[in-house]
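I opened the notebook to record what I looked up in one model. The sequence and coordinates come first.

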Amino acid sequence: MKLTIVEYPDKRLRLKSKEVKVFDAKLHELLDAMNPIMINTNGIGLAAIQVAHPVQVLVLNIPDEEGEQTPENLLEIINPIISKKSGETMYQEGCLSVPKFYEDIKRSEFLTLHFQDRDGNTRTLEAEGLLSIAIQHEMDHLEGVLFIDKLSYSRRKKFEKEYKRMLKERKES
């Protein structure tokens, strides 16, 4: 399965993702294709909607202490639900669908997540720090929300201007 990252301002990023009801080879093929594209584009998380599949599927791979994203750290999260959030943190986020743009975003420091794995088994995960931030960021994608939507009005206007200039420069080169 060949996947490409959908980039802002593509309207597909605004779609709400549908619940996964069938855990079959087609889902496994999507999951298996998402991880390499995430790693190869220097991402730590990827929602299926970012590769034009509007289903509630995420992959996450937080780098270890050496900065490596190992297969044993890969999380495949399907139909996620956050049952508890606490604390507050700021983190400079980026997004594979909004390349070369980073901004401080406020998120919950801790969360409890319920989800299904690739075989439909129910799982629970306690997350904190970067993992918590990445889960919240990717889950926003499932609702058609981008991290830039969380910016103040003035910062969002500045972003739009900078991003249009960057797209124009990219087309000219």
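The entries below go from conventions to cores, aromatic rings, a hairpin and backbone exceptions.

**Conventions.** I worked on a predicted model, in which local features need pLDDT of at least 70, side-chain atom pairs count only at pLDDT 80 or more, and totals for chains, interfaces and linings use all residues. Residues are numbered from 1 along each chain as its sequence is written, and side-chain values use heavy atoms, with hydrogens and water left out. I took helices (H or I, at least four residues) and strands (E, at least two) as DSSP runs, numbered from the N terminus. I called a residue buried under 20% relative accessible area, exposed over 50% and partly exposed in between, with a 1.4 Å probe and protein chains only.

**Cores.** I defined a nonpolar core as a set of buried Ala, Val, Leu, Ile, Met, Phe, Trp, Tyr and Cys residues joined through side-chain atoms within 4.5 Å. The largest such core has 17 residues, and I noted Leu3, Met34, Leu46, Val51 and Val57 as those with the most contacts inside it. Both α1 (25-40) and β2 (57-61) supply at least two of its residues; α1 gives the most, with seven. I then listed the contacts (heavy atoms within 4.5 Å) of Leu46, setting aside residues up to four places away in sequence: among them are Ile5, Met34, Ile37, Val57, Leu96 and Glu138. A second, separate core holds 16 residues, including Leu60, Ile77, Leu111 and Leu113.

**Aromatic rings.** I paired rings of Phe, Tyr and Trp (its six-membered ring) if their centres lie within 6.5 Å, counting planes under 30 degrees apart as stacked, over 60 as edge-to-face and the rest as tilted. The structure holds five aromatic pairs. In one of them, Tyr8 and Phe159 are tilted, at 5.7 Å centre to centre and 50° between the planes. Tyr8 lies in the segment before α1 and Phe159 in helix α3 (residues 153-172), so this pair ties together parts that are 151 residues apart in sequence.

I counted strands as paired if DSSP finds at least two bridges between them. Here β6 and β7 run antiparallel and are joined by seven bridges. Leu113 stands opposite Leu125 in β7. Five residues lie between the strands, and Gly120 in this hairpin takes a positive phi near 90°.

**Arg118.** I placed Arg118 in the loop between β6 (110-116) and β7 (122-128). Is Arg118 buried or exposed? Arg118 counts as buried because its relative accessible area is 18%. Its side chain makes a polar contact of 2.8 Å with that of Glu76; the term means a pair of N or O atoms within 3.5 Å, where within protein one must be able to donate a hydrogen and the other to accept it, and residues adjacent in sequence count only if both atoms are side-chain atoms. Beyond four places in sequence, Arg118 touches Phe23, Leu27, His28, Leu31, Asp32, Glu76 and Ile78.

**Backbone exceptions.** Most residues other than glycine have a negative phi, and most peptide bonds are trans. I found the peptide bond from Tyr8 to Pro9 to be cis, with omega near 10°; Pro9 lies in the segment before α1. Asn79, in strand β3 (residues 74-86), has a positive phi of about 50° and is buried at 7% relative accessible area. Lys100, in strand β5 (residues 98-107), has a positive phi of about 65° and is exposed at 67%.
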